[in-house]
Amino acid sequence: MKTFLLIFLMMVVTFGVRYPVLALVGRYELPGSVKRALRFVPVAVLSALCAPMVLIQQGQWDISFSNAYLVASVFAILVAWRSRHLLLTIVAGLLVFALLKVSGFG
Amino acid sequence: MKSLLKRREFLHGARDTVPMIVGAIPFGILFGALATSVGLSFYATMAMSLFVFAGSSQFVAATLIGQGAGVAVIVMTTFFVNLRHALYSASLGPAFKGLKQTWLLPLGFFLTDETYAVVIKRVNESPDGKDHHWYCLGSSLAMYANWQICTVIGFTAGNALEDLSGWGLEFAMIVTFIGIVVPLITRFPMLIAAGVAVIVALLSRNMAHNLGLIVASVAGVAAGYGAEVYAERKNYEATGS
């Protein structure tokens, strides 16, 4: 029972973050400067989300070739930069990561 | 005729989301496997995927349940982990201006990192489009269906395979976001935004409740915008006009 209360509350706060701004912003015109600043949202948020997962392993900095996350991420960044192709980047990055893991390197 | 265009926009949104789904599959499976390993029942696991529908926070919640954390802590953490969606909403809002609540409620509920990334790209490419909400709904439902299926697979596989969580399946999410972010970095201010976000995220990673993510995001946005304004001003002075 406690678990379902927890899930219900998680739903409430998640929806409470996603929906109200959408409803409010749709009603009013945002100032031009705010609109311009918001263009940086995807790059900033997604970079901030990934960086610690790549560079910190088991609570420690890991900047080495034995960090499969780091090696495969650098590879994926290069593929994304050269190809600008999302699916290719994902597949190539996952392949390299899997190879590192299977070979026991990472 | 009009409804045909809407249907096309809906299907287009779903189709453009396919690469995101490739990245989300391992992550969804990982969540299902983690949920069963911390002792969540099948119904509780499915309820979380069906009603919360927020990958990274479900992941964090399952981890915290495993550590025996209390309801209040988990709900608070969920709130902070998902706070970035408010930025997404603010960014997408203008494209959905004037839509009825019957549209905004589901679009809000279904908003994820992946759908946001796909839809904002579409909005930027065709700012005058009238059917972005159909595109967004197509993307949302594709993500939603996939997430439910992957949760079931992960829950089942998690029971069968002992240490699925040691495979590093979360890398799929990282590589998806790399694929989204890198092509967006076409101008110097974008690079500044990414660089500052990365540095601040690393420095603030030990803040409670994942608050560092929000601090880093806001810092990145501010730095990017600041760099853009600065470059414009310099340009303005250089041309002397």
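How many helices and strands does the secondary structure of chain B come to? Chain B has twelve helices and zero strands. Helices are DSSP runs of H or I with at least four residues, strands are runs of E with at least two, and both are numbered from the N terminus. The model is predicted; local features need pLDDT of at least 70, side-chain atom pairs count only at pLDDT 80 or more, and totals for chains, interfaces and linings use all residues. Residues are numbered from 1 along each chain as its sequence is written, while chains are lettered from A and ligands numbered from 1 in the order in which they are written.

From the N terminus on, the elements of chain B run α-α-α-α-α-α-α-α-α-α-α-α. The C-alpha atoms of chain B fill a box of roughly 70 × 55 × 30 Å along the principal axes.

Chain B is divided into domain 1 (2-173) and domain 2 (185-236). These bounds come from an automatic or database domain assignment. The C-alpha centres of the two domains of chain B lie 25 Å apart. Seven residues from domain 1 of chain B and six residues from domain 2 of chain B make the contact. Residues are in contact if their C-beta atoms, placed from the backbone, lie within 7 Å. On the domain 1 side, α5 (71-82) and α6 (84-92) of chain B each supply at least two residues. The largest share, four residues, comes from α5(B). By class, this side of domain 1 has five nonpolar, one polar and one charged residues. Ala, Val, Leu, Ile, Met, Phe, Trp, Tyr, Cys and Pro count as nonpolar; Asp, Glu, Lys and Arg count as charged; the others, Gly among them, count as polar.

Chain A holds five helices and two strands. Along the sequence, the pattern of chain A is α-α-α-β-β-α-α. A compact globule of 106 residues would have a radius of gyration near 13 Å, but chain A has 20 Å. Its C-alpha atoms fill a box of roughly 55 × 45 × 25 Å, taken along the principal axes.

Within chain A, α3(A) packs against helix α4 (residues 68-83) at an angle of about 130°, with the axes 7 Å apart. Axes are lines fitted to C-alpha atoms, for helices over the stretch in contact, and angles run from 0 to 180 degrees between N-to-C directions. α3(A) and α4(A) are therefore oblique to each other. Angles under 35 degrees count as roughly parallel, over 145 as roughly antiparallel, 65 to 115 as roughly perpendicular and the rest as oblique. A:Met53, A:Val54 and A:Leu55 of α3(A) meet A:Tyr69, A:Leu70 and A:Ser73 of α4(A) in this contact. By class, the contact has five nonpolar, one polar and no charged residues.

Between the chains, 74 residues of chain B are in contact with 59 residues of chain A. On the chain B side, the largest share, 13 residues, comes from α10(B). The chain B side divides into 53 nonpolar, 16 polar and five charged residues.

Helix α3 (residues 41-55) of chain A packs with helix α10 (residues 171-184) of chain B at an angle of about 140°, with their axes 10 Å apart. That makes α3(A) oblique to α10(B). Contacting residues of α3(A) include A:Pro42, A:Leu46 and A:Cys50, while those of α10(B) include B:Ile174, B:Phe177 and B:Val181. By class, this contact has 13 nonpolar, one polar and no charged residues.

Technical notes. Two residues are in contact if their C-beta atoms, placed from the backbone, lie within 7 Å. The radius of gyration is taken over C-alpha atoms; the globule rule is 2.2 Å times the number of residues to the power 0.38.
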